[in-house]
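Q: I'd like to learn how to read a structure like this one, feature by feature. Could we go through it together?

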Amino acid sequence: MPSYNATWHWAKIEPPAQPQRLAAMRQALAARFPLQAFNAQRARLDPDNILGNDLLDGLLGGPKAAQD
């Protein structure tokens, strides 16, 4: 996918079970999207992470991490 500048479709993304592949997916998403700014806004607009879930927090980082 990197050679085509492609990324996963948000509705079809499935975190891999292997820790190395999961870390690579997180790294690829962070390189492509401004996740730090996104998580800062999540923390500001949804401080209790009501709209979050394990999938989002696992792949994109939790909103609390942006505040630290």
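Q: With which side chain does the side chain of arginine 42 make a polar contact of 3.3 Å?

A: That partner is the side chain of asparagine 49. Keep in mind that this is a predicted model, so each distance here is computed from predicted coordinates.

Q: How confident is the prediction, and where is confidence lowest and highest in the protein chain?

A: Start with the average: the protein chain has a mean pLDDT of 86, and 91% of the residues score at least 70. Then go element by element. Helix α4 (residues 63-67) has the lowest confidence, with a mean of 64, while α2 has the highest, at 93.

Q: Which residues of helix α2 are buried?

A: The general idea comes first: an α-helix has 3.6 residues a turn, so residues three or four places apart point the same way. Now the case here: in α2, which spans residues 35-45, the buried residues are Leu35, Asn39, Arg42 and Ala43. They lie on the same side of α2 because they cover an arc of only 95° around the axis.

Q: And what does the face turned away from that buried side carry?

A: That face of α2 carries Arg44 and Leu45, which are exposed.

Q: Is arginine 42 buried or exposed, and which residues does arginine 42 touch?

A: Arginine 42 counts as buried because its relative accessible area is 11%, and the cut-off for buried is under 20%. Leaving out residues up to four places away in sequence, arginine 42 touches Pro47, Asn49, Gly52, Leu56, Asp57, Leu60, Gly61, Gly62 and Pro63. For proline 63, the C-alpha atom is separated by 5.5 Å from that of arginine 42, although the two residues are 21 apart along the chain.

Q: Which side chains are joined to that of arginine 42 by polar contacts of 2.9 Å and 2.7 Å?

A: At 2.9 Å the partner is asparagine 39; at 2.7 Å it is aspartate 57.

Q: How many salt bridges does the structure hold, and which side chains meet in a salt bridge?

A: In general, side chains of opposite charge can pair when their charged atoms come close. This structure holds 1 salt bridge, in which the side chains of aspartate 57 and arginine 42 meet at 2.7 Å, N to O. The pair links distant parts of the chain, 15 residues apart: aspartate 57 sits in helix α3 (residues 54-60) and arginine 42 in helix α2.

How values were computed:
Residues numbered from 1 in each chain as written. Predicted model: local features only at pLDDT ≥ 70, side-chain atom pairs only at ≥ 80, totals over all residues. Heavy atoms only, no water. Buried < 20%, exposed > 50% of the residue type's maximum accessible area, 1.4 Å probe, protein only. Helix = DSSP H or I, 4+ residues; strand = E, 2+ residues; numbered from the N terminus. Arc of directions from axis to C-beta. pLDDT = per-residue confidence, 0-100. Contact = heavy atoms within 4.5 Å. Polar contact = N/O pair within 3.5 Å; in protein donor to acceptor, adjacent residues only side chain to side chain. Salt bridge = Lys/Arg side-chain N within 4 Å of Asp/Glu carboxyl O.
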